[in-house]
Amino acid sequence: MDLDVFVTAHRAEWDRLDHLLRRGRRLTGAEADELVALYQRTATHLSLIQSSVPDPMLTARLTQLVARARSAVTGARRSSWRDATRFLTAGFPAAVYRSRHWWIPAALLSTVVAALIGWWTGTHPEVQAAIAAPAELREMTRPGGEYETYYSSHPAASFAAQVWTNNAQAAAMCLVLGVFLGIPVIWILFLNMVNLGVGIGLMSSAGRLDTFLGLVIPHGLLELTAVFVAAGTGLRLGWTVIDPGPQTRRTALAERGRSALGMAMGLALVLFVSGVIEGFVTPSGLPTWARITIGIAAELAFLAYVYVLGGRAARAGDTGDVESEDRSATPPIAA
């Protein structure tokens, strides 16, 4: 395509569109129809230029012109409670459901790593000696020791808030740092599994594994699931850098990034629930079976939420991305 000839042929249309946009609301019915037609043609011109001869200055001008026209045609859109409801009932669960092929393997592999670290720690006294002195280990694992009092060492409300903040930060780091080829995400997951595995190993060597699991399971199932979902999403984002598929890398990253941002907000709510359980249920005087039942119920409720609501929304085409009218215009993808 000869760019000079193309510009000469269509400059009058672009100037006319700019003129109509400057007039704002003072348009007749015929002029409004003309504006819509010029907007559609200019958007097509922009796609052709971007895919054939991407001139930076012309692309910038037409991008700005198309954005202004799009705003004029569609009108300003305000977020509402309806958007929040749609996000919670469709967008977020659909995003989690669609990324299940990433976070489920991450969860299974991480669980195996934690179990192996727990076995290694619990069956090798030299490993325990490297962690802490014998007296310190006894203080950590004895009845009423540090592992047990940790959950009741602060007022429930402030402890729940602190736990929620820490876990939300970890999940956010997995989501944000995933773009670095997923390497930081793997490291964050590994550190979490080391902490869990060491606790399992030390309490197992003291003959109190049942007590440890009775403290961890009530909140840990939902908490770790949220971390695994964040990690899986981060890994998916990292893989997009390597293989964006049929889309351009920029477009694919923008789509996955918007989905990850929504995922961060949704997981913050999930981690809030696990934080409430950790702050109020885990250290409570309820029998162990009752506390574990609450934790399992919360986990099953989340999985049902993802697989029922999320699966239905995903099959209907929801990707967890923002609404189409809130996205930037993108050029067509060649088959």
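1. A word on the source before the details: this is a predicted model. Please read each point below with that in mind.

2. Let's begin at the surface. A nonpolar patch there is formed by Trp164, Phe272, Val273, Val276 and Phe280, and together these residues have about 430 Å² of accessible area. Helix α12 (residues 249-281) gives the largest share of the patch, four residues. Val273 is found in helix α12, and it counts as partly exposed because its relative accessibility is 40%, between the 20% and 50% limits.

3. Next, a pair of helices. The axes of helix α4 (residues 81-98) and helix α13 (residues 288-315) come within 7 Å and cross at roughly 95°. Angles from 65 to 115 degrees count as roughly perpendicular, so α4 and α13 are roughly perpendicular to each other. On the α4 side, the residues that meet α13 include Leu88, Phe92, Pro93 and Tyr97. Among their counterparts in α13 are Phe302, Tyr305, Leu309 and Ala313. Glycines take part as well, namely Gly310 and Gly311 in α13.

4. Now to the charged pairs. Side chains of opposite charge can pair when their charged atoms come close. The count here comes to eight salt bridges. One of the pairs is Arg16 with Glu34, at 3.0 Å from N to O. Arg16 is partly exposed, at 29% relative accessible area, and Glu34 is partly exposed at 28%.

5. Within helix α1, what separates Asp18 from Arg22? They are four residues apart, which means about one helical turn. Their side chains meet in a salt bridge of 2.9 Å, N to O. Asp18 counts as buried at 17% relative accessibility, whereas Arg22 is exposed at 62%.

6. Please also look at Glu148 and Arg208, whose side chains form a salt bridge of 2.3 Å, N to O. Glu148 lies in helix α8 (residues 146-149) and Arg208 in the loop between α10 (183-205) and α11 (209-242), so the pair ties together parts that are 60 residues apart in sequence. Glu148 is partly exposed at 23% relative accessibility, while Arg208 counts as buried at 14%. Elsewhere, salt bridges that share partners join Asp18, Arg22 and Arg68 into one network.

Technical notes:
Residues are numbered from 1 along each chain as its sequence is written. This is a predicted model: local features need pLDDT of at least 70, side-chain atom pairs count only at pLDDT 80 or more; totals for chains, interfaces and linings use all residues. Side-chain values use heavy atoms; hydrogens and water are left out. Patches are made of residues with over 30% relative accessible area and no salt bridge: like charges are joined within 9 Å, nonpolar side chains (Val, Leu, Ile, Met, Phe, Trp, Tyr) within 5 Å. Accessible areas come from the Shrake-Rupley method with a 1.4 Å probe; for residues, only the protein chains shown count as cover. A salt bridge is a side-chain nitrogen of Lys or Arg within 4 Å of a carboxyl oxygen of Asp or Glu. Helices (H or I, at least four residues) and strands (E, at least two) are DSSP runs, numbered from the N terminus. Buried means under 20% relative accessible area, exposed over 50%, partly exposed in between (1.4 Å probe, protein chains only). Axes are lines fitted to C-alpha atoms, for helices over the stretch in contact, and angles run from 0 to 180 degrees between N-to-C directions. Angles under 35 degrees count as roughly parallel, over 145 as roughly antiparallel, 65 to 115 as roughly perpendicular and the rest as oblique. Contact means heavy atoms within 4.5 Å.
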